[in-house]
There are 2 protein chains.
Amino acid sequence: MRHDSRLSRVLHALIHMDGHEGRATSETIGHMLGTNAVVVRRTMAGLRDAGYVCSDKGPGGGWTLLCPLAEITLFDVYIALGAPPVFALGLADDQPECLVEQAVNAAVGDALGKAADALMTGLKAVNLADVAHDFERRSKRLSRHRRSAA
Amino acid sequence: MRHDSRLSRVLHALIHMDGHEGRATSETIGHMLGTNAVVVRRTMAGLRDAGYVCSDKGPGGGWTLLCPLAEITLFDVYIALGAPPVFALGLADDQPECLVEQAVNAAVGDALGKAADALMTGLKAVNLADVAHDFERRSKRLSRHRRSAA
DNA sequence: GAAAAAAGTAACTATCGGAGTTACAATAAC
DNA sequence: GTTATTGTAACTCCGATAGTTACTTTTTTC
């Protein structure tokens, strides 16, 4: 596996669900994301547990957004996913008694810690309504271009 | 694989090499890092290509540091390793035409970009002499504790 | 109450990259 | 020429997400 794209995918699903009439089934969401229903259920489980969405079984069932987009930040979603590991880079721990390893890990760990802080700050600064507005901007720009090309 | 610990390990090796009399063989370095000689050679190859160390074959051969520690930053070493991927988190690219995906990826990518900037800034701010000094501080502190415990 | 539509979930496979290992070639010192 | 050493290719191992299959459970609808 190269990347963990769950955050990106779940956000994608939530924005689509906001524009969606009524409930969206896992199957529908899977098509929107280019994946399948089981992956959608698995990934959305954390959001359901956190109370941002609910799911209903049976005919007419599916996923419902329980919250205005403006009240969910990217950070909230990241936490609801279980705060998965951010970095591919890590510290060696083969010689935990070695003071050189400790000094190196303190230095690298400090830089990684600052990077993680910056990431969390960045995720807290944006809510899903911001992303939805950006989507709308992109839609309008695209239709302008289409008209002018016609 | 969980983490890429090459940066941490190479730094560990370089600090040890600075305190080492003459050349250090891959075998010796492997023991210091808790790994084996082939992994050491593979990982150090980038540093050799970048000119920070050289390696000599044959009896009496091994690795030599070519540069004062103060002239190498953590960032330099990261680049010499080939600037490996920093994040385990990534963007979805299953629906590249989808404007929702684009908006989501712009938002998440922006946060990741700021985090990467913070990481690089942190890596540039520390050179290997800083790490070596921290190692010496740790050594002194430890021997004080040992004396006072005796 | 039977059929159908949906979620929930377990279990398995695919994939990807670092790490570990083995094997062997190339080189240099003595 | 023997030995110590690097250089490298080729393979296995591991861990995590992602994909897939199969089955159970729940709920609606007829």
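Biologist: How many residues of chain B are in contact with chain A, and what makes them count as in contact?
Modeller: 54 residues of chain B are in contact with 54 residues of chain A, where contact means heavy atoms within 4.5 Å. A quick word on the source: this is a predicted model, where local features need pLDDT of at least 70 and side-chain atom pairs count only at pLDDT 80 or more, while totals for chains, interfaces and linings use all residues. Residues are numbered from 1 along each chain as its sequence is written, chains are lettered from A and ligands numbered from 1 in the order in which they are written, and side-chain values use heavy atoms, with hydrogens and water left out.

Biologist: What area is buried between chain B and chain A?
Modeller: About 4,300 Å², with carbon and sulfur atoms giving 71% of it. Buried area is the accessible area (1.4 Å probe) that two parts lose on being put together, summed over both. Leu89(B), Leu99(B) and Val100(B) supply 14% of what chain B buries against chain A, more than any other three residues.

Biologist: Why is the pair Arg9(A) and Asp94(B) called a salt bridge?
Modeller: The rule wants a side-chain nitrogen of Lys or Arg within 4 Å of a carboxyl oxygen of Asp or Glu. Arg9(A) and Asp94(B) come to 3.2 Å, N to O, so they pass. Arg9(A) sits in helix H1 of chain A and Asp94(B) in the loop between H4 and H5 of chain B, so the pair joins two chains. Asp94(A) also forms a salt bridge with Arg9(B), at 3.2 Å, and the rule finds two salt bridges across this interface.

Biologist: Is Arg9(A) buried or exposed, and how do you know?
Modeller: Buried means under 20% relative accessible area, exposed over 50%, and partly exposed in between (1.4 Å probe, protein chains only). Arg9(A) has 18%, so it counts as buried. Asp94(B), at 33%, is partly exposed.

Biologist: What makes H1(A) largely enclosed by the rest of the structure?
Modeller: Ten of its 14 residues are buried, so that's the call; among them are Leu7(A), Val10(A) and Leu14(A). Helices here are DSSP runs (H or I, at least four residues), numbered from the N terminus.

Biologist: What does the pair Asp56(A) and Arg23(A) tie together?
Modeller: Their closest N and O atoms are 3.3 Å apart, which makes a salt bridge. Asp56(A) lies in strand E1 (residues 53-56) of chain A and Arg23(A) in the loop between H1 and helix H2 (26-33) of chain A, so the pair ties together parts 33 residues apart in sequence. A strand is a DSSP run of E with at least two residues.
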